[in-house]
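Hi,

Here is the structure I promised to pass on.

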Amino acid sequence: MKNRILITGALGQLGKFFVESLISQDNYVLATDIKENKILNCDYELFDIMDLDRGDYLINKYNINQVYNFAAILSAKGEQNPLLTWEINNVGFTNIAKLCLKNNIKKIFWPSSIAVFGRNSNLKLVKNDEPMLPETIYGVSKLACEKAMYYFNSKNLLDIRSIRFPGIVSNSKPGGGTTDYIVEMLFRAKSNENYSCFLKSDTYLPMMHINDAIDASIKLMNADIMDLNLDYPYNISSFETSPSEWIEIIQSIGFNLNVEYKVDFRQGIADSWPKKIDDSVLRSDIKWLPKFNAIDTAKNIIESIQL
């Protein structure tokens, strides 16, 4: 076994895919979440990251030496309960840091998000270092944790590695994010149902295939620390698309999809997010390139959706 890894939020949008990939690479994985497990084929325990005693017990019981911390409330859902979002995202981040410091675990993977950027961030092409005034509590909480991550890393207290994910395209049903439309459209096209889109037709946002996200994340975790130029999260992206362009792509691979537009509060969130991402630092540091473009992503994911 390479590592003994604890994954929090393992039943969420990203968790199950990381579980499968990490196990396939000869790691031991303990998956955890706050709900009963009905989908993961690995060791599983209930764990609320607000419960330090439970976390300490699990780390010692399973001899954990790495943590992938995916427990979070996402952007659109977060706006419905800002204080709870701050508590789960920030106190949860701090609790994992406390547990790792107490148990001499150095390496943590924690995903950040393009939500840390704001309208002052040169949204047409966002570089790794831009001014940041996020407009959602999700973005605010992620940015606060980015600053804490930089502190822990620069003081050599922990080795936290992070990527600012864009919209992630997978066959997992979305969990309350602003880029959810891209996956919801694939599900509706597969089931031959109409779709009501909450963003304007010409709203461009950066996206990537789940496999590319996993590949880059694990490469970053496995990289020699001397090869990494950043003590804070890396930008990442694969392609950019809009609802109208995504519809055309879906139709080009042989599926029909009728869409009406009913724009809601998520449009304001999308307007404050990057339209294109410069991820050249990550690509250089870990020698990574995405394997899936927009058409390949749509085709691969829609074929894998099981209704």
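The labels S and H stand for strands (E, at least two residues) and helices (H or I, at least four residues), which are DSSP runs numbered from the N terminus. Before you go on, note that this is a predicted model, where local features need pLDDT of at least 70 and side-chain atom pairs count only at pLDDT 80 or more, while totals for chains, interfaces and linings use all residues. Residues are numbered from 1 along each chain as its sequence is written, and side-chain values use heavy atoms, with hydrogens and water left out.

Now the sheet. S2 and S3 are joined by 4 bridges and pair in the parallel sense; two strands count as paired if DSSP finds at least two bridges between them. S1 and S2 also run parallel, with 4 bridges, and here Ile-5 sits opposite Val-29 in S2. On the way from S1 to S2 you pass helix H1 (residues 15-24), and the three make a right-handed β-α-β unit (with the strands pointing away from you, the path from the first strand over the helix to the second runs clockwise). S1 (residues 4-8) pairs with S4 (residues 66-69) too, parallel and over 4 bridges, and Ile-7 faces Tyr-68 in S4.

Put together, that gives an open sheet of 6 strands in the order S3-S2-S1-S4-S5-S7, with parallel pairing. S3 (43-46) and S7 (159-161) are at the edges with a single partner strand each, so one side of each has no neighbour in the sheet.

How much of S2 is buried? 6 of its 6 residues are, so S2 is largely enclosed by the rest of the structure. (Buried means under 20% relative accessible area, with a 1.4 Å probe and protein chains only.) Tyr-28, Leu-30 and Thr-32 are on one side, and Val-29, Ala-31 and Asp-33 on the other.

Last stop, helix H2 (residues 52-61), where Gly-55, Asp-56, Leu-58 and Ile-59 are buried. Seen down the axis, the buried residues of H2 fall within an arc of 165 degrees (taken from the directions from the helix axis to the C-beta atoms), so they line one face of the helix. Their cover includes S1, S2, S3 and helix H4 (82-102), going by contacts, meaning heavy atoms within 4.5 Å.

Cheers

Note on methods:
Buried means under 20% relative accessible area, exposed over 50%, partly exposed in between (1.4 Å probe, protein chains only).
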